[in-house]
Amino acid sequence: MLEIKNLTKQYNENVIFKSLNLTVNDGEVLSVVGPSGIGKTTLIKIMAGLETANDGEIILNGNPINTNGESSDVNIGMIFQDFNLFPNYTVIENITLAPVNVSKQPKSEAIKQAKELLDSLGMLEKADLYPYQLSGGQKQRAAIARALAMNPQILAYDEPTSGLDEASTHQVTEVVKALKERGVTQVIITHDQPFAEAVSDRMFDFATEVQR
Amino acid sequence: MSYLITIIPSLMSGLKTTLGVFFLTIIGSVPLGILVSLGMKSPYFTIRWLINGYIWIMRGTPLLLQLIFIYYGLGMMGITFPRFESAIIAFIINYAAYLAEIFRGGLQSVPRGQYDAAKVLGFSKIQTFFKIVLPQVIKIVVPSFGNEVINLVKDTSLVYVIGLGDILRAGNIAASRDVTLTPYLLVGVMYLIMTAIVTLLLRRSETVLNTWR
């Protein structure tokens, strides 16, 4: 379970959000919705250790996550809006790079796991392609596989459907649902209301539920 | 033809010096240039200030003058290096400054998102640099790096000013001794061969790097 307690973020005088409280239950798909530019991405970046919070805490399964910008442990997998795949590695290398170098998993084992992940996402035949050879939807699934390979406790998406066509959006919907079946806890930042309604167990409206 | 054969041994020994300066400069200036480019992003003002001063001096004065200063100038101050070592020092610190500027540009063009993705996946700063950032920087800088390497082939001829016997000096000696321009022609051809090899190697590496975008 992820608990966000009294989280405050401000840049000088500009308060992004104040005393934000939010709980995400295990296996739940929670969408954080609201118009763009409202601070949703900032929230997810603090969760992932990419931004600092001014106050408050984030507790994941009883353990506090650093909100000072120093990510200590890989607990949260993140799917970036523009995917941020490593262009100099093939899809399978993108996925195995962290397990091999960070978790010190044996390479053969990491490759086996990566292939299973790719297979489950319908991406196995793209394993040896470079990111530039993939479509937007395929890049996204590669990014999902890369995040899942580190066995995160939560998978967080930043605007997963922005820039995707209808077919790719549908595929992302299917992927989120399939991961939910497998019990993966997912937090989705989106301004795409129909998509949020299609995939979420619960929605958190950033515009009305957050103090500023 | 027989004349060519008589001058080739002296040109070859000059070539050895030229190649020595060339390779040692590359080996020394690339890592130094990377370090300097990283230092330019240092959070410490003093380090950035020192580095900017160093780059300004290296790029703002002729390499010829720097050679003279390191060999004769430092010598007058009691710091003496043999000719060859002086040349290597001058070339390495000069080329490192140019390369640092090139690497800095390369570093800047790696998007912020690459660092974010690496951080979320748990990579250390060193792993992020060597496994993710550096390969992308290399791809970006290869064309401008290539220009510098070709310049270096020709710049090695400047070592004559401190009395080092490079290939141009060997040609010079033969030309004035035998009152003919033939040695110069031959020297020109040898420079062309060297730059052609460098160009070819650079094209190769660009092709290899183009497997990804």
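In which sense do strands E4 and E5 of chain A pair, and over how many bridges? In this predicted model, E4(A) and E5(A), the latter covering residues 63-65, pair in the antiparallel sense over 3 bridges. One pair to look for is Leu60(A), whose bridge partner in E5(A) is Asn63(A).

## A parallel sheet

Next, look for the open sheet of 5 strands in chain A, with parallel pairing and the order E6-E7-E8-E3-E9. Strand E6 (76-79) and strand E9 (202-205) of chain A each have a single partner strand, so they stand at the edges with one side left without a neighbour in the sheet. From one strand to the next, the twist averages 20 degrees.

Ile79(A) stands opposite Tyr157(A) in E7(A). Helix H4 (residues 136-148) of chain A lies across E6 and E7 of chain A, and runs at about 170 degrees to E6(A).

## Where the chains touch

Finally, let's turn to the contact between the chains. Chain A brings 19 residues to the contact and chain B brings 16. On the chain A side, helix H2 (residues 91-101) gives the most, with 3 residues. By class, this side of chain A has 13 nonpolar, 5 polar and 1 charged residues.

How values were computed: Residues are numbered from 1 along each chain as its sequence is written. Chains are lettered from A and ligands numbered from 1 in the order in which they are written. This is a predicted model: local features need pLDDT of at least 70, side-chain atom pairs count only at pLDDT 80 or more; totals for chains, interfaces and linings use all residues. Two residues are in contact if their C-beta atoms, placed from the backbone, lie within 7 Å. Helices (H or I, at least four residues) and strands (E, at least two) are DSSP runs, numbered from the N terminus. Ala, Val, Leu, Ile, Met, Phe, Trp, Tyr, Cys and Pro count as nonpolar, Asp, Glu, Lys and Arg as charged, and the others, Gly among them, as polar. Two strands pair if DSSP finds at least two bridges between them. Axes are lines fitted to C-alpha atoms, for helices over the stretch in contact, and angles run from 0 to 180 degrees between N-to-C directions.
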